[in-house]
Amino acid sequence: EMLAALGFTDAEMEEQFGFLLESLRDYGAPPHGGLAMGVDRLVAIMGGCDSIRSVIAFPKTAQASDLFVGAPGPADPKQLTELKLISKHE
């Protein structure tokens, strides 16, 4: 409902947030409500890990991309115009 209130069509919602919407439909909202407690960082410190990525379930690559959801994805030109941003990658 929130995405519809923001003006997204059903097709846009599925294209941009489909992975998240599917998870919410199948499993519901996380029990912590999205509030991160930093347990992963604490576990990394306690485990003597060199990188927090060693203990994160879905780590990003060194280029900050997420291989599971294909993020970051292309930006919608309408959004770039609205935010007054210029993309260097066409």
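Is F8 buried or exposed? F8 is buried, with a relative accessible area of 18%. Buried means under 20% relative accessible area, exposed means over 50%, and partly exposed lies in between (1.4 Å probe, protein chains only).

The model is predicted, so local features need pLDDT of at least 70 and side-chain atom pairs count only at pLDDT 80 or more, while totals for chains, interfaces and linings use all residues. Residues are numbered from 1 along each chain as its sequence is written, and side-chain values use heavy atoms, with hydrogens and water left out.

**View 1. The aromatic pair of F8 and F17.** The ring centres of F8 and F17 lie 5.6 Å apart with planes at 80°, so the pair is edge-to-face. Plane angles over 60 degrees count as edge-to-face, under 30 as stacked, and the rest as tilted. F17 is partly exposed at 26% relative accessibility.

**View 2. The salt bridge between R25 and E14.** A salt bridge is a side-chain nitrogen of Lys or Arg within 4 Å of a carboxyl oxygen of Asp or Glu, and the count by this rule is 1. Here the N to O distance is 3.4 Å. R25 is exposed at 55% relative accessibility, whereas E14 is partly exposed at 40%.

**View 3. F68 in the loop between α3 and α4.** F68 sits between α3 (39-46) and α4 (77-82); helices are DSSP runs of H or I with at least four residues, numbered from the N terminus. F68 is exposed, with a relative accessible area of 58%.

Technical notes: Helices (H or I, at least four residues) and strands (E, at least two) are DSSP runs, numbered from the N terminus. Rings of Phe, Tyr and Trp (its six-membered ring) pair if their centres lie within 6.5 Å; planes under 30 degrees apart count as stacked, over 60 as edge-to-face and the rest as tilted.
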